[in-house]
Amino acid sequence: MKKFIGILLAAGMIIMTGCGDSERVIDGEVSDMPGSGSQTAGNAAGTQTGDGGQTASKGYVFRYNGVTVSVDADMADVLEGLGEPNDYFEAASCAFEGLDKTYTYGSFVIETYPQGEKDYVSTIILKDDAVSTAENIYIGSSLTDVTNSYGTDYTEQGSMLVYNKDGMKLCFLMENDTVTSIQYFSTVLDE
């Protein structure tokens with residue numbers, strides 16, 4: 001199953017290829033990576049700043065070590081809470097002026113889109129069963145677990161269950177009634 005997830009992530013990186021030059025930063029070393037960028041667009045309509053500068057969340061959220069991450073959140077706030085990623089990648093944005101950025105934290109990946117001087121979370125991808133959604137669904141959970149936690153108000157796109165809420169999508173790729181991939185997406189491209 002981990003090989004299947006790796007293939008999905010690799011396919012996602014290939015799909016994102018196509019605009020501009022990019023750099024990959026690993027352990028402080030910068031290397032040029034030709035032509036990669038995600039196709040994201042939109043604004044930060046899904047966030048509000050609450051007390052203490054924290055970003056208030058809308059839609060489904062991901063929590064890790066006491067930090068809440070939601071799509072369309074200001075990535076500066078997320079970085080402040082999570083700290084430096086294990087891996088960082090950036091590429092010229094296909095949709096905006098600026099850079100799309102990818103931050104890898106072991107068991108999950110956060111992708112961003114630029115808007116003005118800020119970067120906002122466009123995608124959160126859970127890579128393995130070491131992390132789960134805020135509702136405790138993880139890779140390996142059953143279809144029954146998903147519907148017990150999120151209900152049956154979803155759309156099916158092939159073998160994917162898609163839950164829409166407050167300007168975002170939470171997607172569960174299913175294989176034999178078992179979750180094989182979990183991804184949070186901003187709906188800014190849908191506008």
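Guide: We will go from the overall picture to single residues.

Guide: This is a predicted model, so local features need pLDDT of at least 70 and side-chain atom pairs count only at pLDDT 80 or more, while totals for chains, interfaces and linings use all residues. Residues are numbered from 1 along each chain as its sequence is written, and side-chain values use heavy atoms, with hydrogens and water left out.

Visitor: What is the mean pLDDT of the protein?

Guide: The mean is 77, and 69% of the residues reach 70 or more. pLDDT is the predictor's confidence in each residue, from 0 to 100.

Visitor: Where does pLDDT stay under 50?

Guide: Over residues 1-55. The model has 126 contacts beyond four places in sequence for that stretch; a contact means heavy atoms within 4.5 Å. Where pLDDT is low, the predicted coordinates should not be read in detail.

Visitor: OK. How many helices and strands?

Guide: Three helices and 14 strands. Both are DSSP runs, numbered from the N terminus: helices are H or I with at least four residues, strands are E with at least two.

Visitor: And how many of the residues count as buried?

Guide: 45% of the 191 residues. Buried means under 20% relative accessible area, exposed over 50%, and partly exposed in between, using a 1.4 Å probe and protein chains only.

Visitor: Which residues have the most contacts inside the largest nonpolar core?

Guide: Val69, Ile110, Val121, Leu170, Phe172, Ile182 and Tyr184, in a core of 31 residues. β13 gives the most to this core, with four residues. A nonpolar core is a set of buried Ala, Val, Leu, Ile, Met, Phe, Trp, Tyr and Cys residues joined through side-chain atoms within 4.5 Å.

Visitor: What is Ile182 in contact with?

Guide: Leaving aside neighbours within four places in sequence, its partners include Ile124, Leu126, Ile139, Leu170 and Phe172.

Visitor: Switching to rings. How many aromatic pairs?

Guide: A search of the whole structure finds 13. One is Tyr60 with Tyr163, edge-to-face, 6.5 Å centre to centre and 80 degrees between the planes. Rings of Phe, Tyr and Trp (its six-membered ring) pair if their centres lie within 6.5 Å; planes under 30 degrees apart count as stacked, over 60 as edge-to-face and the rest as tilted.

Visitor: Why does that pair tie together parts apart in sequence?

Guide: Tyr60 lies in the loop between β4 (55-56) and β5 (62-64), and Tyr163 in strand β12 (residues 160-165), so the linked parts are 103 residues apart in sequence. Tyr60 counts as buried at 11% relative accessibility. Tyr163 is buried too, at 1%.

Visitor: Which residues do ring pairs link into a cluster?

Guide: Tyr60, Tyr150, Tyr154, Tyr163 and Phe172.

Visitor: And what sits over the ring of Tyr60?

Guide: The charged end of Lys165, 4.7 Å from the ring centre. The cut-offs for a charge over a ring: NZ of Lys or CZ of Arg within 6 Å of the ring centre and within 35 degrees of the ring normal.

Visitor: Last topic, backbone. What is the phi of Asn176?

Guide: About 55 degrees, positive although Asn176 is not a glycine. Most residues other than glycine have a negative phi. Asn176 is found in the loop between β13 (168-175) and β14 (178-186).

Visitor: Is Asn176 buried or exposed?

Guide: Exposed, with a relative accessible area of 71%. Asp177 is found in the loop between β13 and β14, and its phi is positive as well, near 60 degrees.
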